Amino acid sequence: MFALRSLSRLGSRLSVPALARRGCSGSAMALDDVVNGLTEDQIQLRNSVRKFLAEKLAPYADEIDKKNEFAGMREYWKDMGEMGLLGITAPVEYGGTGLGYLEHVIVIEEMSRVSAAIALSYGAHSNLCVNQLVRHGNEEQKEKYMPKLVTGEHVGALAMSEPNAGSDVVSMKLKAEKKGDYYVLNGNKFWITNGPDADVLIVYGKTNPAAHQKGITAFIIEKGMPGFSTAQKLDKLGMRGSNTCELVFEDCKVPEKNILGPLNKGVYVMMSGLDIERLVLAAGPIGIMQAVLDFSVPYLHVREAFGQKIGHFQLMQGKMADMYTRLSACRQYLYNVARACDQGHFSAMDCAGVILYCAENATQVALDGIQCLGGNGYINDYPMGRFLRDAKLYEIGAGTSEVRRLIIGRAFNAMYK
Amino acid sequence: MSGRVLVGVKRVIDYAVKIRVKPDHSGVVTEGVKHSMNPFCEIAVEEAVKMKEKKLIKEVVAVSCGPQQVQETIRTALAMGADRGIHVEVSAKEYESLGPLQVSKILAALAKKEEAQLIILGKQAIDGDCNQTGQMTAALLDWPQGTFASEVTLEGGHVKVVREIDGGLETIKINTPAVLTADLRLNTPRYATLPNIMKAKKKKIANVKPADLGVELASKLQVLRVDAPPQREAGVKVESVADLVAKLKEAGTI
């Protein structure tokens, strides 16, 4: 066991030994994946992804947040491509890995544990963009766009929200007018994750404004299409490094063959996608909560006050218990709903419920985390502040907590009509 | 030559875990503690897989000795590119006294059975730090050994091995079949990518008992007691050389 330390001495004349490089994440808190109900394969998946992230992402997480940019993003995307992460739920025949939603959840959870911002960008690429293409693209579209999205050569995004249409997304104003073989798009999209970097974007527009939600269509947009541009990167409270911006469409010509799914049936494409988006993104807050525990629990057993480690004081024991039980309950809920989805059983109530519950708990747990570190939790040398700022997003994106509550409430109303 | 390489992989407590001694001082706590493949074994697997990719050898067989749980370590090796696995079943009780001598006997027997051209092991395991298994296996088989390898080149019926030694680097040429042990700088092990983890599910792991190989597991060694290293005491600062000499005389060291 002590050989490792003597190894570093031996290796001092060379660059940091591979072992030390691999292990700098510092989060060796074991997860009880038996209680979590994971199969051996899924446990192996988690271990493999953790190792990958410890080297490829963990060393940069703090800097990404400080600078609001991930300098090595394109390289990392290709690394993820090689690992088989980008097309994780896509069928093998399109270069995907052919795994299920629970596997996708595990990957996002572990990535969020390291860098919630990059996990969000990864989620937008792999679920919002790639998974929608898989579910609604025709053969030609899949063959054209999937390969580079799966290898990481291309970054994907999805755009539905507008400056004046967030929760009321169906009131979107972006127009798509038919002109011969083309549709001409005019309007803006806002808060679009991966907007500044995306090569392929799924954009929703009104092909028949008079028909309201029955007049929305999804289009596949490529970076470089004339009339499509991006405005400045947004300066956000959290998820810094997950580049977000406004998209501008000024007479952007899109070929008719780039329509994704049926014409004017975009709402169906959008809404069914939202259930899975909520399910998979709920892994984000789980990862953040785990990261809070990874940092705060060891700290409580190192920091001393009044002659003992503060983790032995009852109020701190209580905090650890509260954080742990919140995380565990959320995680079991999420894993169970994911398993049901993998069996083809999709419940809009539970997909909304899962992200509603996980997101609000993550904010609470992140606040507790800062409190555990006291004054040090308030300094940006420690990541506790980043965890809180990142966690808060999940109460807003992918449907605000308010909308999620409406969905569940209305589902109950519908049972008693 | 069979073109077959045997790689030994050991399941150890993950290097990032804080080790705790059991209250009865019989060993360290392993229940519920994160385990992974010994880092030097990962390097050994990587070297074997690289040889196969260069078509210098035909088959990589990953071997591990221990109870049921070691199968996850074998499957990691399969996901890294090994072709098949062999799980030498050892009960949890017997595993407590399983040491380099027993493992070498098992590996030697397997090497003969599988007609292995090479055995590649990690130089040592990070729990025992024995650094004996490779050497003992070579001795039992009467095969040459290239230990602490930082570079390995297969050439016809020989292997050129660059070894890390105290004085620097030593290059030796040995005949095959041979035993090699991997040192830190031999290579950088690959990640098991998701597609490879999926492919590994179809690869076979055979179960074998030590008795089937004619190996007796009884150990002549007995662990009497395990203790954590003593807490490092605070030092004392002195103002002058005279002070230092006085303190050293006081402590009886000079």
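Phe295(A) counts as partly exposed, at 37% relative accessibility; here buried means under 20% relative accessible area, exposed over 50%, and partly exposed in between, with a 1.4 Å probe and protein chains only. This is a predicted model, in which local features need pLDDT of at least 70 and side-chain atom pairs count only at pLDDT 80 or more, while totals for chains, interfaces and linings use all residues. Residues are numbered from 1 along each chain as its sequence is written, chains are lettered from A in the order in which they are written, and side-chain values use heavy atoms, with hydrogens and water left out.

Let me turn to the aromatic pairs. Rings of Phe, Tyr and Trp (its six-membered ring) pair if their centres lie within 6.5 Å; planes under 30 degrees apart count as stacked, over 60 as edge-to-face, and the rest as tilted. Over all chains, this rule gives twelve aromatic pairs. In one of them, Phe190(A) and Trp191(A), the ring centres are 4.9 Å apart and the planes stand at 55 degrees, so the pair is tilted. Phe190(A) is buried at 19%, whereas Trp191(A) is partly exposed at 46%.

The rings of Phe295(A) and Phe387(A) are also tilted, because their planes are at 55 degrees, with centres 5.8 Å apart. Phe295(A) belongs to helix H10 (residues 283–300) and Phe387(A) to helix H13 (residues 384–393), both of chain A, so the pair ties together parts 92 residues apart in sequence. Helices are DSSP runs of H or I, at least four residues long, numbered from the N terminus. Phe387(A) is buried, with a relative accessible area of 4%.

Finally, ring pairs link Phe52(A), Tyr60(A), Phe70(A), Tyr76(A), Trp77(A) and Tyr191(B) into a cluster.

How values were computed. Helix = DSSP H or I, 4+ residues; strand = E, 2+ residues; numbered from the N terminus.
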